[in-house]
Amino acid sequence: MKLKIMTYNICSGHHYEKSDDYVPVPSQNGPYDLSRCTAVIKGIAPDICGLNEVDNFMDRSGNISQTDFISES
């Protein structure tokens, strides 16, 4: 039996896109965009995923449980 294990630093969901001139700009979904994190995790499809730098109920990331959001996505 093979077990796929992943660790992922989500940086509190704070992701940036690159513009044409390579200057970082906030993503269209705002600075704290967990959709990209969940897409990466789903793409790799690990059996176990350890997350780093997760915000839970922090003002800066919308007072949500990022752990719950990712696990339910």
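Predicted model: local features only at pLDDT ≥ 70, side-chain atom pairs only at ≥ 80, totals over all residues.

Student: Let's start with T38. Where does T38 sit?
Tutor: T38 belongs to helix α1, which covers residues 34–44.

Student: Is T38 buried or exposed?
Tutor: T38 counts as buried, because its relative accessible area is 10% and the cut-off for buried is under 20%.

Student: OK, and what does the side chain of T38 have at 3.0 Å from a polar atom?
Tutor: That would be the backbone oxygen of S35.

Student: And which residues is T38 in contact with, leaving aside neighbours within four places in sequence?
Tutor: There you'll find F69, I70 and S73.

Student: Switching topic: which residues make up the largest nonpolar core?
Tutor: Seven residues form that core: M6, Y8, I10, L34, C37, I41 and I70. Both β1 (5–9) and α1 supply at least two residues each, and α1 gives the most, with three. I70 is one of the core residues, and I70 also touches T38.

Student: What about β1, which residues are on its covered face?
Tutor: M6 and Y8 are on the covered face of β1, while I5, T7 and N9 are on the uncovered one.

Student: Nice. Which residue in β4 does I5 stand opposite?
Tutor: I5 is opposite I48 there.

Notes: Residues numbered from 1 in each chain as written. Heavy atoms only, no water. Helix = DSSP H or I, 4+ residues; strand = E, 2+ residues; numbered from the N terminus. Buried < 20%, exposed > 50% of the residue type's maximum accessible area, 1.4 Å probe, protein only. Polar contact = N/O pair within 3.5 Å; in protein donor to acceptor, adjacent residues only side chain to side chain. Contact = heavy atoms within 4.5 Å. Core = buried A, V, L, I, M, F, W, Y, C linked by side-chain atoms within 4.5 Å. Pairing = 2+ DSSP bridges.
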